[in-house]
Amino acid sequence: MSGRDDAPGAAAGSPADPELIRHEPLWRSHAPAGYVCPFCQLAAGDTSDPGNRCELSDLVYQDEDLLVFIACDGFGPHPGHAMITPVAHREALYDLEDELLAKIGVMSRQVALAMKLAWQPEGTSVRQHNEPAGNQHVWHYHLHVFPRYGDDMLYRQIRHPLDVDFRAQRAQELKSALHRVLSDEKPSS
C-alpha cells in the first residue's frame with residue numbers, strides 16, 4: 001500500500017506563491033511500487049509475509065482507529081519502546097486528519113503513563129519521522145513513545161547546538177510558511 005488515495009505528491013517548485021500551496025502538492029509518497037505495509041498487516045491480524053518483522057504478540061492495543069505495539073528495534077541500553085499508528089494507512093504526518101492526529105496525541109499520553117506504571121522509567125519521550133531525510137523507514141505513519149533513563153543516550157549521538165542567528169533565520173522562514181498554510185486552511189467567508 002502507498003499513502004492515502006488523496007495523498008500529496010512531489011512539489012514542482014518553490015512554495016513562494018500561495019496558489020502553489022493550494023494547487024501543487026508539497027510532498028510525494030516514498031513507498032516503492034508494490035509496497036506491502038507491515039503495519040497494515042498487523043492491523044489486519046496477519047503478519048505472515050516474510051518481509052514483515054512485526055508479530056501479533058507485539059500488539060498492545062487496537063481499536064477502530066489506532067494500534068499500539070512494541071517496536072521491532074531497540075535503541076540504547078533500554079530496548080522496548082512502543083509505537084502508535086493509525087489502523088487506516090496514512091504514510092506521513094501530512095496525511096493525518098485533525099481528529100486522528102488528536103487521538104494519537106491523547107494515546108501518546110496514555111501510553112507514556114502506562115510505561116510509568118509498567119516499567120518505572122525516569123521519564124518518557126515521543127518522536128516521529130517523515131520521509132527519507134526525516135529518517136522514516138516504514139511508509140505508514142507511526143509515533144515512537146520511549147521510556148527514558150538517565151543513561152539511555154537516546155538523543156546524545158545526534159544532538160548538537162545550533163547558532164542563535166541560524167535558529168532565528170529558520171524560525172522566520174518557518175513562521176512565514178506556517179502563516180500561509182494556516183491562512184489557506186481557514187474557510188472562506
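The model is predicted: local features require pLDDT of at least 70 and side-chain atom pairs count only at pLDDT 80 or more, whereas totals for chains, interfaces and linings use all residues. Residues are numbered from 1 along each chain as its sequence is written, and side-chain values use heavy atoms, with hydrogens and water left out.

**Overall architecture**

- The protein chain contains four helices and five strands; these are DSSP runs (H or I of at least four residues for helices, E of at least two for strands), numbered from the N terminus.
- Their order along the sequence is α-α-β-β-β-α-β-β-α.
- Of the chain's 189 residues, 33% count as buried; buried means under 20% relative accessible area, exposed over 50%, and partly exposed in between, with a 1.4 Å probe and protein chains only.
- The chain exposes about 11,800 Å², of which carbon and sulfur atoms supply 56%; accessible areas come from the Shrake-Rupley method with a 1.4 Å probe.
- Where contacts (heavy atoms within 4.5 Å) join residues at least 6 apart in sequence, 57% of them link residues at least 24 apart.

**Salt bridges**

- Five salt bridges are found in the whole structure, each defined as a side-chain nitrogen of Lys or Arg within 4 Å of a carboxyl oxygen of Asp or Glu.
- One of them pairs Arg53 with Asp73 at 2.7 Å, N to O. Because Arg53 lies in the loop between α2 (38-44) and β1 (59-62) and Asp73 in the loop between β2 (66-70) and β3 (82-86), this pair ties together parts that are 20 residues apart in sequence.
- Arg53 counts as exposed at 52% relative accessibility, while Asp73 counts as partly exposed at 40%.
- Lys103 forms a salt bridge with Asp65, with 2.5 Å between the closest N and O atoms. This pair links distant parts of the chain, Lys103 being in helix α3 (residues 98-119) and Asp65 in the loop between β1 and β2, 38 residues apart.
- Lys103 is partly exposed, with a relative accessible area of 31%.
- Arg148 and Asp152 meet through their side chains in a salt bridge of 2.5 Å, N to O, and both residues are buried.

**Pocket and cavity**

- On a 1 Å grid over the protein atoms alone, a cavity is a set of points where a 1.4 Å probe fits but cannot get out, and a pocket is an open set with protein on both sides within 12 Å along at least five of seven lines; lining residues have an atom within 4 Å of a point.
- The second largest pocket holds about 570 Å³ of space. Its lining comprises 27 residues, with Asp73, His137, Val138, His142 and His144 nearest the centre.
- That lining divides into 14 nonpolar, 10 polar and three charged residues.
- The structure has one cavity of 30 Å³ or more, and the largest cavity contains about 50 Å³.
- Residues lining the largest cavity include Gly74, Phe75, His78, Phe146, Pro147 and Asp152.

**Pro38 in helix α2**

- Pro38 lies in helix α2 and is buried, at 13% relative accessible area.
- Beyond its neighbours within four places in sequence, Pro38 is in contact with Asn52, Cys54 and Val138.
- Pro38 and Cys54 are 16 residues apart in sequence, with 6.8 Å between their C-alpha atoms.

How values were computed. Grid points are joined across faces, edges and corners, and a volume is the space filled by probe spheres set on the points. Ala, Val, Leu, Ile, Met, Phe, Trp, Tyr, Cys and Pro count as nonpolar, Asp, Glu, Lys and Arg as charged, and the others, Gly among them, as polar.
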